[in-house]
Amino acid sequence: MRINPLVVLLFNIILPLAVMFPGNKYQHIFFLGFAIVTLLISAKFKRLAKFVTIYLVLLGMQHFFISSNAISSKTFGMILMISIQFIPCLMMASILVKDYSPSELISALEPFKIPKPFLVSLAIVVRYMPTFKREFLFMKESMRLRGIPYSIRKPIKSFEYFLVPQLFRCSILADEITSAALTKGITNPKRRTSYYDMRMKAIDSFMCILLIAGTGGFIIWR
C-alpha cells in the first residue's frame, strides 16, 4: 500500500512544531510508532530495519554520554537526544524521497490551490536529495583517481575540494531542470492534468486524523 504524500508532509510539519512545544514523555513514542507503522504499511521492511538500528545505536550512545560526569560528554549526549527526536521525521521523509516522483508529489498537492512556484520548488528539493548523494559519490571517486585525499582530519581542505565541483554541478543541473520544466509546460497558466491518481484514500484520511488528534492530545495532556 502506498501512503499519500500529504500524510508524510503533514507529519513533517507537525513533528518539528511538537518538538518545540513538548507535551509529555509519550509524545516521542507516538511519533516513532506512527512512522514505524507507516513504513510497515508501505512494506519497507529493510528501510525500517536500518532506521531502527540507527535509532538504537544513537539511543545507546546518548545514555552512555549522559551518564558520564564530563561536561563535554553531557553536551554531546544532549545533542544526540535532540537528533533522536527527528529520526521519525527522516523515516517519513524517506518515503517522499525514494517512493514518489516529483510529478506524483505535484499531483497530490495541486487540489489545495498551492502556488505553482512553491510546488515546483518543493519537488526539486525532494528530487535533488538522491541526486546530491550520487554526485557526492562521483566527486569522491574523481578525487580518488586524482590522488586527492578526502579525510575528516583535514575538514577545511576536504570541504573545499568538494564544494567547488558541487557548485559547478549545481549550475549545470539547474539548467537541465529548467529545460525539462519548460518542455513539460511549467509556464502554462492553466491547471495541468496528471496521469497519476493521488486522491486521499480512507486509510490516508484516518492517519491524518490520528496524527492531528494524537499530537493535540499529547500537547494538552501534560
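This tour moves through the structure by selection, from the whole chain to single residues.

**Before selecting**

The model is predicted, so that local features require pLDDT of at least 70 and side-chain atom pairs count only at pLDDT 80 or more, while totals for chains, interfaces and linings use all residues. Residues are numbered from 1 along each chain as its sequence is written, and side-chain values use heavy atoms, with hydrogens and water left out.

**The whole chain**

Display the C-alpha trace, which spans about 60 × 55 × 30 Å along its principal axes. In cartoon view, the protein shows nine helices and zero strands; the order from the N terminus is α-α-α-α-α-α-α-α-α. Helices (H or I, at least four residues) and strands (E, at least two) are DSSP runs, numbered from the N terminus.

Next, colour by burial. Of the 222 residues, 32% are buried; the term stands for under 20% relative accessible area, with exposed meaning over 50% and partly exposed in between (1.4 Å probe, protein chains only). The protein exposes about 14,600 Å², of which carbon and sulfur atoms supply 71%. Accessible areas come from the Shrake-Rupley method with a 1.4 Å probe, and for residues only the protein chains shown count as cover.

Contacts, defined by heavy atoms within 4.5 Å, may be displayed as well. Among contacts with a separation of 6 or more, 75% are between residues 24 or more positions apart.

**Select I13, L17, M20 and F21**

These four residues form a nonpolar patch on the surface, with about 450 Å² of accessible area together. Patches are made of residues with over 30% relative accessible area and no salt bridge, like charges being joined within 9 Å and nonpolar side chains (Val, Leu, Ile, Met, Phe, Trp, Tyr) within 5 Å. F21 sits in the loop between α1 (5–20) and α2 (26–41), and its relative accessibility of 51% makes it exposed.

**Select α2**

From its first C-alpha to its last, this helix of 16 residues reaches 22 Å, close to the 22 Å expected at 1.5 Å a residue. The expected span is 1.5 Å times one less than the number of residues. Show the side chains of Q27, H28, F30, F31, L32, F34, A35, T38 and L39, the buried residues of α2. They pack against α1, α3 (45–66), α4 (71–85), α5 (87–99) and α9 (202–220).

Continue past the end of the helix to A43. This residue follows α2 and occupies the loop between α2 and α3. Its phi is positive, about 60°, although A43 is not a glycine. A43 is partly exposed, with a relative accessible area of 44%.

**Select D99 and its surroundings**

D99 lies in helix α5 and is buried at 18% relative accessibility. Apart from neighbours within four places in sequence, D99 is in contact with R2, K44, R47, S94 and E104.

Which side chain meets D99 in a salt bridge of 3.7 Å, N to O? That partner is K44. A salt bridge here is a side-chain nitrogen of Lys or Arg within 4 Å of a carboxyl oxygen of Asp or Glu. K44 lies in the loop between α2 and α3 and D99 in helix α5, so the pair ties together parts that are 55 residues apart in sequence. K44 is partly exposed, at 26% relative accessibility.

The side chains of D99 and R47 also meet in a salt bridge, at 3.1 Å, N to O. Because R47 lies in helix α3, this pair ties together parts that are 52 residues apart in sequence. R47 is buried, with a relative accessible area of 13%.

**Select D204 and K201**

The structure holds three salt bridges, one of which joins D204 and K201, with the closest N and O atoms 3.4 Å apart. D204 is buried at 0% relative accessible area, whereas K201 is partly exposed at 39%. Salt bridges that share partners join K44, R47 and D99 into one network.

How many disulfides does a search of the whole structure find? The search finds zero disulfides, the criterion being a pair of cysteine sulfur atoms within 2.5 Å. For C89, the nearest cysteine sulfur is that of C208, 15 Å away. Both residues are buried: C89 has a relative accessible area of 12%, and C208 stands at 13%.
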